[in-house]
Amino acid sequence: MKKLLTFSLLSAFCCTLASGQQKISFMPNWIDQAQFAGFYLAYEKGFYAEEGLDVTIRHMKQGSSRSSLDYLEKGEVDICTSQLIASMIERGKGKKIVNVLQLAQNTGLMLVSRTPLKSFRDIEGKKVGRWKSAYFEIAEIFCNDYKINVDWITYLNDVNIFISGAVDATLCFSYHEYFNLLFAKGSIPEDHTLKFSELGYNFPEDAVFTTDSFYQNNREAVEKFTRATKRGWEYAAKNREEALEVVMEYVKKNNVATNRPMQRFMLDEILNLQVNSQSGKADFKKVEERVVNMLNDALMNLDEEYRPVIYKDFIK
């Protein structure tokens with residue numbers, strides 16, 4: 001009887017521990033890839049579990065017309081990633097989302113041209129490919145500031161629009177499409193590229209978001225999630241080959257068409273984008289109020305219907 005009682009107490013204790021873990025559903029803003037390695041490592045190394053969180057990572061399907069912020073706003077996930085500017089636009093439309101962790105301190109947005117560019121004004125009147133949904137906003141702000149007119153040609157997710165000659169140039173990210181273009185063309189001359197980070201438009205990029213209500217009701221859990229996520233990225237930076245192995249397991253499990261060289265290239269570039277130029281390290285610094293104000297002004301100049309976000313309400 002004593003042994004049975006002891007076993008029952010132990011079972012009840014274990015169930016309490018298990019039930020004590022708060023469930024968190026998390027969605028990266030694209031399919032399985034090294035762009036999200038830190039989250040995978042936080043999960044696989046048990047960093048989330050150590051914080052008392054039961055995290056489910058839910059990826060969107062390639063070619064989906066919905067954004068991660070859309071899933072977040074509709075309550076289908078608790079936390080997601082997206083880009084700073086895209087989230088500001090959505091917040092301005094009334095979506096109650098907040099930035100709880102800034103990952104990328106720099107932008108990887110680039111433009112690749114089929115012909116040499118003597119100056120950035122050479123893109124005037126060109127057909128330029130860009131994604132259909134979002135993440136091209138820095139380029140739009142840049143063109144608006146300098147009164148440069150381009151013919152935007154939208155596509156979902158494919159560099160073939162550029163390789164086929166359907167456009168004169170295309171936007172791409174240094175950690176993703178740029179690698180595909182390099183692989184397809186063999187090499188890309190330096191004078192065929194524009195890096196927006198070098199043109200005075202080096203705005204922070206990938207970040208972690210949740211809703212106002214979820215943050216207010218689960219602030220401790222959100223802080224635990226961001227703390228474990230930082231550990232995941234720090235671990236990935238120090239153990240890149242192990243991180244790459246984990247990424248490849250994820251892409252194989254979900255049948256993502258990619259390869260190890262591309263994912264290694266992506267991981268290295270993503271980690272570079274996280275480095276704060278002022279501190280020289282990935283310190284996950286919060287977005288400064290002056291940056292949000294600069295973007296508010298730029299977005300209002302771009303779209304008169306844009307409603308500026310209030311810094312203290314948006315950056316947590």
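The largest cavity here has a volume of about 90 Å³, and a search of the whole structure turns up two cavities of 30 Å³ or more. A cavity is a set of points on a 1 Å grid, over the protein atoms alone, where a 1.4 Å probe fits but cannot get out, and lining residues have an atom within 4 Å of a point. Volumes are the space filled by probe spheres set on the points, with grid points joined across faces, edges and corners. This is a predicted model, where local features need pLDDT of at least 70, side-chain atom pairs count only at pLDDT 80 or more, and totals for chains, interfaces and linings use all residues. Residues are numbered from 1 along each chain as its sequence is written, and side-chain values use heavy atoms, leaving out hydrogens and water.

**Cavities**
- Lining the largest cavity are 13 residues, with Q35, A104, D206, I270 and Q274 nearest its centre.
- That lining splits into eight nonpolar, three polar and two charged residues (Ala, Val, Leu, Ile, Met, Phe, Trp, Tyr, Cys and Pro count as nonpolar, Asp, Glu, Lys and Arg as charged, and the others, Gly among them, as polar).
- The second largest cavity, at about 40 Å³, is lined by Q83, L84, I85, Y135, E137, I138, P204 and E205.
- Two or more of these lining residues come from each of α5 (84–92) and α6 (137–145) (helices are DSSP runs of H or I, at least four residues, numbered from the N terminus).

- The largest pocket holds about 430 Å³ (a pocket is an open set with protein on both sides within 12 Å along at least five of seven lines).
- Its lining has 23 residues, and N29, W30, W131, S133 and Y135 sit closest to the centre.
- By class, the largest pocket's lining has eight nonpolar, 12 polar and three charged residues.
- In the second largest pocket there is about 350 Å³ of space, and among its 17 lining residues Q105, N202, P204, R290 and V291 are closest to the centre.

**Helix contact**
- On the α6 side, E140, I141 and N144 meet L295, A298, L299, N301 and L302 in α13 (contact means heavy atoms within 4.5 Å).
- These contact residues divide into five nonpolar, two polar and one charged.

**Confidence**
- Mean pLDDT for the chain is 92, with 94% of residues at 70 or more (pLDDT is the predictor's confidence in each residue, from 0 to 100).
- Residues 1–18 stay under 50 and have zero contacts beyond four places in sequence.
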